[in-house]
Amino acid sequence: MTAVDWDRLRIFHAVADAGSLTHAGEVLNLSQSAVSRQIRALEETLGATLFHRHARGLILTEPGELLFDASKAMAKRLDAATARIRDSEEEVFGEIRVTTTTAFGTIWLAPRLPRLFAKYPDLKIDLMLDERVLDLPMREADVAIRMKEPSQADLVRKRLMSVRIRLFATRDYIAQNGEPTQIEDLADHRLICQNAASSQVPAGAALVQQLLTCNPRSLLTVNNYFGVLQSALNNLGIGVLPDYVTEYFPDLVPVLPEIESSDVPVYLAYPEELRQSKRISAFRDFVQDEITAQRKQLKDLAKA
């Protein structure tokens, strides 16, 4: 069997990604005719048609889809290898693609990033906030911070901490509406929580189901914790929120502190192939240091 020419495979990948010979040529600095010749030569080598051609552009055939899937996997592996090679022995630079949940990314991680950039100004962070679990071995992201232990193979993983889901309200809300002293008192309040269809940890969903049995006077549901937080901060009711929100929003105070979810583990994970990456190590150490500082701050507050 004739081996596939690597350069032609690179050109095919660019065409499949762009959906156009012209656009691929612009990316590759090649003429449209040169790109077309290389695609035809690749099709002859493989004995298969890779694209359906029509007025709106190019659509991959079934063999084309198979080849594009393979070329995407190869491109991600090459990106990882390039990143490892470029990692300096002394400096931390380059891009880190971090995936985590909308709530953790906006409420906990983003406010801390100035300290990371102050230490490593040449870093680039691509923060991807998504409830969907991205595929780290396939390099959809470099680092993940998730609310459960990753199940994918070939990952370095570390349990960072545990959080619990609790009830919070502003001091102004409590002053205007009174403070519940037992769970049944929620019948006199508006509860703000994630809706049943939203992506959430099982521990949080179980707590919400327990609270709903108290028949709150009014209910506001949102599809993520950031929306719950903003609603609670605007005195709309009692919010069901992860306990890490308290650090940056001191006006939020616990309500019915004995009512809480079970532990929700927080894990950091990255592909095994990035174990030696300086920039990944720098990000991991930064997150761990921030958690240590947060624990110390909470202990100091408890003693005060």
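In which helix do Asp7 and Arg10 both lie, and how many residues apart? The legends below, drawn from a predicted model, start with this pair.

**Close-up 1. Salt bridge between Asp7 and Arg10 in helix H1.** Both residues belong to helix H1 (residues 6-18), where a spacing of 3 residues places them about one turn of the helix apart. The closest N and O atoms of Asp7 and Arg10 are 2.7 Å apart. Asp7 has a relative accessible area of 37% and is therefore partly exposed. Arg10 is likewise partly exposed, at 44%.

**Close-up 2. Salt bridge between Asp130 and Arg132.** The side chains of Asp130 and Arg132 meet with an N to O distance of 3.7 Å. Asp130 counts as partly exposed because its relative accessibility is 27%. Arg132, with a relative accessible area of 48%, is also partly exposed.

**Close-up 3. Salt bridge between Arg166 and Asp243.** The N to O distance between these two side chains is 2.6 Å. The pair links distant parts of the chain, its members being 77 residues apart. Arg166 lies in strand S7 (residues 165-170), whereas Asp243 lies in the loop between strand S10 (238-242) and strand S11 (252-260). At 22% relative accessibility, Arg166 is partly exposed, since buried would require a value under 20%.

**Close-up 4. Network around Arg166 and Asp243.** The structure as a whole holds 16 salt bridges.

Definitions and conventions: Residues are numbered from 1 along each chain as its sequence is written. This is a predicted model: local features need pLDDT of at least 70, side-chain atom pairs count only at pLDDT 80 or more; totals for chains, interfaces and linings use all residues. Side-chain values use heavy atoms; hydrogens and water are left out. A salt bridge is a side-chain nitrogen of Lys or Arg within 4 Å of a carboxyl oxygen of Asp or Glu. Helices (H or I, at least four residues) and strands (E, at least two) are DSSP runs, numbered from the N terminus. Buried means under 20% relative accessible area, exposed over 50%, partly exposed in between (1.4 Å probe, protein chains only).
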